[in-house]
Amino acid sequence: MAKVLVSDPIDQAGIDIISQVAEVDVKTKLPLEELIKIIPEYDALMLRSGTKVTAEVIQAGTNLKIIGRAGVGVDNIDVKAATRHGIVVVNSPEGNTIAAAEHAIAMMLALSRQIPDANQSVKNGKWERKKFVGNEVYKKTLGVVGLGKIGAHVAKVARAMEMKLLAYDPFVSAERAERLGCSLVDLDLLFKESDYITLHIPKTPETANLINAKALAKMKPQVRIINCARGGIIDETAIAEALQAGKIGGAALDVYANEPLGESPLTEVGSNLVLTPHLGASTAEAQVNVAIDVAEQIRDVLLGLPARSAVNIPGLNPDVMEKLRPYLRLAETLGTMAGQLAGGRIDELNIRLQGELANNDSQPIIVAALKGLLSEALRERVNYVNAALEAQERGIRVIETKDSSTRDYSGGSLHVEARGSNGKHSVTGALLSEGEIRITNLDEFPINVPPNDHMLFTLHRDMPGIIGKIGSLLGSYNVNIASMQVGRKIVRGEAVMVLSLDDPLPEGILQEITKVDGIRDAYTVKLSV
Ligand SMILES: NC(=O)c1ccc[n+]([C@@H]2O[C@H](COP(=O)([O-])OP(=O)(O)OC[C@H]3O[C@@H](n4cnc5c(N)ncnc54)[C@H](O)[C@@H]3O)[C@@H](O)[C@H]2O)c1
Ligand SMILES: O=C(O)[C@H](O)COP(=O)(O)O
């Protein structure tokens, strides 16, 4: 039975789902060395933001097939290292959207009405009504930085409170912003005009320290800043100084450059600063949502099914995947054949989706062809997760075309051409109505053969006696021929011979075949049909 390690607190609903197919160990707060020590035992790892999945952890996780992040941010996972090792990384992109958005709103209101400080004051036996006079958010300007899932929900709620909304998001259209009641503006204008600024962006090289001393200097003196996105987007020293000096009205932070926060200039700030310990996603509802979402994906991947929210393989919903599955098999077979025919060092792969197939998303089909193409070199190390990265790192140029006008097979056909040390070779294939693969073209010669574990291809002159000679030669090595077919364009011109063999070809026989009069070239292909 598969084994799954749960290394952060996850709702029981998720653990129950994984337990249907695997043994689950819950071990939280593991020191890194301990995690590295035990990870080889596990097929899957499920976590939240508390566990750091470094390249070392991934390297040690020799049995890992999937890492499931019960939440959105995967910045605590070395996704590149996981991809390189063929480990699928999944998350729950929407399970905690509402929770995080509501936390941002709660922070904005808590800050405006000084609720945390007022609460503490009452508990200290005081009654300081004058000290805690706040502000209304009604008719104030809220600047939303990042108009994705969480930013959009914050905008909707803020609009209901009749706030004026500005938004900055270079990847969102003005129409979408408008539909959400926001005016899309540049960052400087948002800084200048906003009474409240709320951040809902990922931490990237572009967003790191976005709110620094220079940015703070552009804002209104009473501005209140909310960060429920990621630590490191705000320069914590700069914001602590601005608060201490009264240069901004307040800040409410849920996330920090280093978590847990520990020693920080932020803890020195006396008032107008609300801090929560990364609670954005911590609602009962969100925790059930993310646990179920990710647990289902872990269960599916362990059962050999696709994951719906993989961050390191082309996103596909299960219905599309189900429809494409036979074509992925076709693409992988053709990629394997083209790769072996073209020889070891492949530098270019041309893929043409033809007929009906051209109406589909080509990305998964390309990945499947690349998986086949690299299978000779990487064997079981290559999979759907790392095929594209491996190809990119080997400098393989991928050219994709679509031609919906081809009308040869009802489901369409796929043409794969690889250029490598043996020159350019192409294979075309299609699916029969029962889902069986047919190779329909080899190096532009029409053929019609099913793939077979051991195949021999020759390029030769179409002349009497040549088929017999190859048959006798194979017979002399005790190689049984299962089927044979010749493809030619003109009588007595160039032709290809395709032989399906029951046995692997012994060493050296290929060279002998190329010496037969009329044979120009010969290739073998090994498949796993
Ligand atoms: N505090 C928490 O517990 C908590 C919970 C959930 C999510 N989050 C964090 O909240 C953030 C937003 O999550 P989401 O689900 O809305 O993500 P999302 O991907 O739906 O939205 C992010 C938005 O940021 C925009 N963006 C990217 N780079 C930008 C840039 N340089 N400038 C401006 N906009 C930029 C994108 O276009 C996108 O619209 C993420 O960082 C996520 O990790 C935190
Ligand atoms: O990225 C997220 O989903 C949030 O930061 C929540 O993190 P958590 O699951 O550790 O609460």
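This is a predicted model: local features need pLDDT of at least 70, side-chain atom pairs count only at pLDDT 80 or more; totals for chains, interfaces and linings use all residues.
Reader: How do you know that the side chain of asparagine 96 makes a polar contact with ligand 2?

Author: An N or O atom in the side chain of asparagine 96 is 2.9 Å from an oxygen atom of ligand 2, and the pair therefore qualifies, the limit being 3.5 Å. The protein also buries 91% of the 310 Å² that ligand 2 exposes when taken alone.

Reader: Which other contacts of ligand 2 meet that definition, through serine 49 and valine 72?

Author: For serine 49, a polar side-chain atom lies 2.3 Å from an oxygen atom of ligand 2, whereas for valine 72 a backbone N or O atom lies 2.6 Å from an oxygen atom of ligand 2. Both distances are within 3.5 Å, so both pairs count as polar contacts.

Reader: What makes a residue part of the surroundings of ligand 2, and how do these residues divide by class?

Author: A residue is included if one of its heavy atoms lies within 4 Å of the ligand, and among those that surround ligand 2 are Arg48, Arg69, Gly73, Arg230 and His278. The shell divides into three nonpolar, five polar and three charged residues, and Gly is counted as polar in this scheme.

Reader: How do you know that lysine 149, aspartate 169 and histidine 278 make polar contacts with ligand 1?

Author: A polar side-chain atom of lysine 149 lies 2.9 Å from an oxygen atom of ligand 1, and a side-chain N or O atom of aspartate 169 is 2.6 Å from an oxygen atom of that ligand. Lys149 and Asp169 are among the residues that come nearest in a shell of 25, which comprises 13 nonpolar, eight polar and four charged residues.

Reader: Why are α5 and α7 called oblique to each other?

Author: Helix α5 (residues 97-112) and helix α7 (residues 149-160) pack at an angle of about 50 degrees, with their axes 9 Å apart. Roughly parallel requires an angle under 35 degrees and roughly perpendicular one of 65 to 115, so α5 and α7 are oblique. The crossing of α5 past α7 is right-handed.

Reader: What makes the peptide bond between glutamate 259 and proline 260 worth a remark, and where is proline 260?

Author: The bond joining glutamate 259 and proline 260 is cis, with omega at about -5 degrees, and most peptide bonds are trans. Proline 260 has its place in the loop between β11 (250-253) and β12 (273-275).

Conventions. Residues are numbered from 1 along each chain as its sequence is written. Chains are lettered from A and ligands numbered from 1 in the order in which they are written. Side-chain values use heavy atoms; hydrogens and water are left out. A polar contact is a pair of N or O atoms within 3.5 Å; within protein, one must be able to donate a hydrogen and the other to accept it, and residues adjacent in sequence count only if both atoms are side-chain atoms. Accessible areas come from the Shrake-Rupley method with a 1.4 Å probe; for residues, only the protein chains shown count as cover. Axes are lines fitted to C-alpha atoms, for helices over the stretch in contact, and angles run from 0 to 180 degrees between N-to-C directions. Helices (H or I, at least four residues) and strands (E, at least two) are DSSP runs, numbered from the N terminus. Angles under 35 degrees count as roughly parallel, over 145 as roughly antiparallel, 65 to 115 as roughly perpendicular and the rest as oblique. A crossing is left-handed if the near helix is turned anticlockwise from the far one by less than a right angle, and right-handed if clockwise.
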